[in-house]
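Good morning, everyone. Here is the structure I want to walk through today. Please look at the sequence and the picture together.

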Amino acid sequence: MTDSKTTNSNTLTESKNMKPTQLTTRQKVELSLSRRRAAETRFRMYGMASVFFGMLCLVVLFTDIASKGTAAFKQTSLKTEIFLDSSYLGLTKDSKVDEVRFANFEGLIKRQFAKNFKPSGRKETRELFKLISPGASWQIQEALLANPEVLDTTISIELLMDDDVDQWFKHDRDLSTDETNDRLSTKQLSWLNNWVEEGRLDTHFNTLFFTNGDSREPELAGIHGAIKGTLLTLMVTLLLSFPIGVAAAIYLEEFAPRNRMTEIVEININNLAAVPSIIFGLLGMAIFINVFGVSRSTPLLGGLVLTLMTLPTIIISARAAIKSVPPSIREAAYGLGASKNQVVFHHVLPLAMPGMLTGTILGMAQALGETAPLLMIGMVAFVVDVPGFINDPSTVLPVQIFLWSDSPERAFMERTSGAILVLLSFLVLMNTTAVILRRRLERRW
Amino acid sequence: MHSLPDHYGTLMALWTGVPALILLMTWHLLEAPVIDYLLIAQLPAEIQAADSAQIQLAISKVYNLASSSGLTADPSLMPAVEHLAALNERTAILNSGIALSLCLVCFVITYRRIQPKLRARTEMESIVNLLLLSSSGIAVLTTVGILASVLFEAWMFFQQISPIDFLFGTTWSPQVALRADQSGSSGSFGAVPLFAGTLLISLIAMVIAVPIGLMAAIYLSEYASSSVRKYAKPALEVLAGIPTVVYGFFAALTVAPFIRMLGTDLGLEVSSESALAAGLVMGVMIIPFVSSLSDDVINAVPQSMRDGSYGLGATKNETIRQVIIPAALPGIVGAVMLAVSRAIGETMIVAMAAGLAANLTANPLDSVTTVTVQIVTLLVGDQEFDSPKTLAAFALGLVLFLVTLILNFVALKIVQKYREQYD
């Protein structure tokens, strides 16, 4: 210190001319300051860049999926007049529902289209019919079932178009030729352009996407079945994992003797939380399917596997919640003569409940996004029907996304992104609920 | 009186409900194997004499016949089908009958025990404690179940394929020939290309996640103002909450084509399922994992160490690099190990973005396959349970489980030790 005081009068310009060995400590420090400050700024920039990179990834991911997916919520249809010819359909106004279901609406549409647009030759006829979705005949059937009086009149209806038409109308309409995908012929394009000029092609909100099960036809494929399967699976998971998780947490935190056995259970739970999810799929397959004979592809089986997977998460968060209840509460209850069980169930548990619920919601969010173990237990099956209960074959939303992402059609890619948007909004909903719950109910002692 | 009225009530409810519930559950678990056993006795003698695969086939045929009438049946199976229908009917009646009567018996016994001198609270509490204990036992049972299932199937696999060939062989082509004289695919189970592929992709992910996650954690805990921290930290953690299938979709349809395009522009040959695409996206997924764990350990470094360093004239960055990081190093190593175990076990990103071809390569632009991808491809769909192809998935699962278990165990120990050091 005395050293630097004596050289106080030295200026920096003088010290630069001296040899390094003659530098005093203070001079050394002053010389290095600019370098050290630069290093400081650099280091800070690296940190900011890292945070920024993380955010950027998030933004890119969301915009990419949103830009691909929003179009899935719109569906192209063609405004058409169709004469419901009772003699062709073989129906009367008093026909039963079953008879209407088997009537040849497809033929009716084809006949009408052939008459209106006059394709020449079989190739053109086939091309014309390919523009219409197989779901169109189902639409007319529903219209007739809703109101039998329209038989033998001409109805105006928005007919569902094929996915190729849908993609062209939504994305490539302004291109003179069909460059991006050559799935449409010139004749088909001329029909389509005519319809666009007449203002008959239009997009509507895609209700089918939310009311249909899976389908091989992109324009008919929907996520209703997957959402129902997800809800059923999550219901099983919640009903099993919440009580078991909370009970286990109470035992470990309040009742377990501090011994080697308890320690092993604790280590085991912590390790289980980090086991890859696919291992739980192997477990489900070998134990639940092969030993206990639970049927494959059901929400029951999915729920069992996801329960085992989410249990560690729930136990860990529930224990943290119990730990955060201050000892004064317990002591006050003991002081009034409560038994150990009364203290736990009447006082500690209600106070720890908000924290436990938050942890459970987060565990459920994790289960909602899980795919890999469900692939193992047969939830990848192509299921058209909407599952009714926990023992019907079904699929879940993430697995549906996985299945669709494999399909080559461009329309399926759009639907995959649409399904992802739905999945993400569920997750946002659950996480927001957890955050609000934590803010509202969690007490600071 | 020793107990409150509701203690008596709860005790009654527990004694009436719990034994019957336990009975129903064990019944359901045991029903399928017992029915199978009874059915085998009804099968024609020549099938009974055959091997277990044939018996299994016949049994499933019987189930199909019983559930859907109208199929043309093999007449020799008909006695078994009828027996099954009768059995199903009988078990349903037996099942509910026994459960109900057990309820009733327990109810009567407990009801007669209700006296002022009965220590109902003590008894109820010990039953409740027993239920709590068994709940925490489920976590242990899960581990035992995982080990048992994986070990058993893997042991069956190693009966057919030597473990040496499995662990050190360099050719992976699990397609087993259906007929003995079939040429071509003979089925070889050398898992080295899978391990190499897994390591390559995990390495790429770590190269992204460790520096960025660590720097983000340092910035957020040491530099950022509390308002920035309040929003940036949860925003980063959103990355961890996105389902992996979404990352997989993003990797396969956005990142992989982009890298391929970039590579073609630079004159490089890039596979459409490059390890790079899967690794990059996996790295992004793991960033918040590394950052939140390192954040914890950095925050655990006592303030006095920082103050000491500042007092000696060190800048913030020197303090971080020369005091905080060395002090937090064990914890950071633990965090990285947990992240590695996460990367190794990640399935969906690689299943969608990485390939199936088992190439033994270190070129990140090439297509590689991983342990998890192979488990998925071997097990998705229908499979018979005695072919080495299916069993190989369990052997891979065993390796995966053991490796991640060791990584987690060591990492958790390190983190725990480190926390104790400063507490």
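**Domains, a sheet and a helix pair**

Let's start with the domains of chain A. The assignment gives three: domain 1 covers 2-69, domain 2 covers 74-219, and domain 3 covers 224-441. Keep in mind that this is a predicted model.

How far apart do the C-alpha centres of domain 1 and domain 3 of chain A lie? The answer is 47 Å. The two domains do touch: four residues of domain 1 of chain A are in contact with six residues of domain 3 of chain A. On the domain 1 side, two of the touching residues are nonpolar, one is polar and one is charged.

Now the sheet in chain A. A quick reminder: strands of a sheet pair through backbone hydrogen bonds, either parallel or antiparallel. Here we have an open sheet of three strands, in the order β2-β1-β3, and the pairing is antiparallel. Which strands sit at the edges? They are β2 (154-160) and β3 (201-205) of chain A, and each pairs on one side only. On average, neighbouring strands are turned by 40° against each other, ignoring direction.

Zoom in on one pair. Strand β1 of chain A, residues 74-83, joins β2(A) over seven bridges, in the antiparallel sense. Within that pair, K79(A) faces E158(A) of β2(A).

Helices pack here too. Helix α8 of chain A, residues 135-146, lies across β1 and β2 of chain A and runs at about 140° to β2(A). Helix α9 of chain A, residues 163-172, touches β1 and β3 of chain A, and its direction makes about 115° with that of β1(A).

Next, a helix pair. Find α17 (residues 340-369) and α20 (residues 410-441), both in chain A; their axes come within 9 Å and cross at roughly 170°. So α17(A) is roughly antiparallel to α20(A). What kinds of residues make up this contact? There are 13 nonpolar, four polar and one charged. On the α17(A) side, they include P354(A), L357(A) and I361(A). On the α20(A) side, look for F426(A), M430(A) and R438(A), among them.

Last, chain B. Its domain 1 spans 5-146 and its domain 2 spans 188-422. Their centres, taken over C-alpha atoms, are 44 Å apart. Chain B has 15 helices and two strands. Of its 423 residues, 40% are buried. Take the contacts in chain B between residues at least 6 apart in sequence: 72% of them join residues at least 24 apart.

That's my tour. Questions, please.

Notes:
Residues numbered from 1 in each chain as written. Chains lettered and ligands numbered in written order. Predicted model: local features only at pLDDT ≥ 70, side-chain atom pairs only at ≥ 80, totals over all residues. Axes fitted to C-alpha atoms, helices over the stretch in contact; angles between N-to-C directions. Helix = DSSP H or I, 4+ residues; strand = E, 2+ residues; numbered from the N terminus. Parallel < 35°, antiparallel > 145°, perpendicular 65-115°, else oblique. Contact = placed C-beta atoms within 7 Å. Nonpolar A, V, L, I, M, F, W, Y, C, P; charged D, E, K, R; others polar. Domains from an automatic or database assignment. Buried ≥ 20, exposed ≤ 12 C-beta atoms within 10 Å, placed from the backbone. Pairing = 2+ DSSP bridges.
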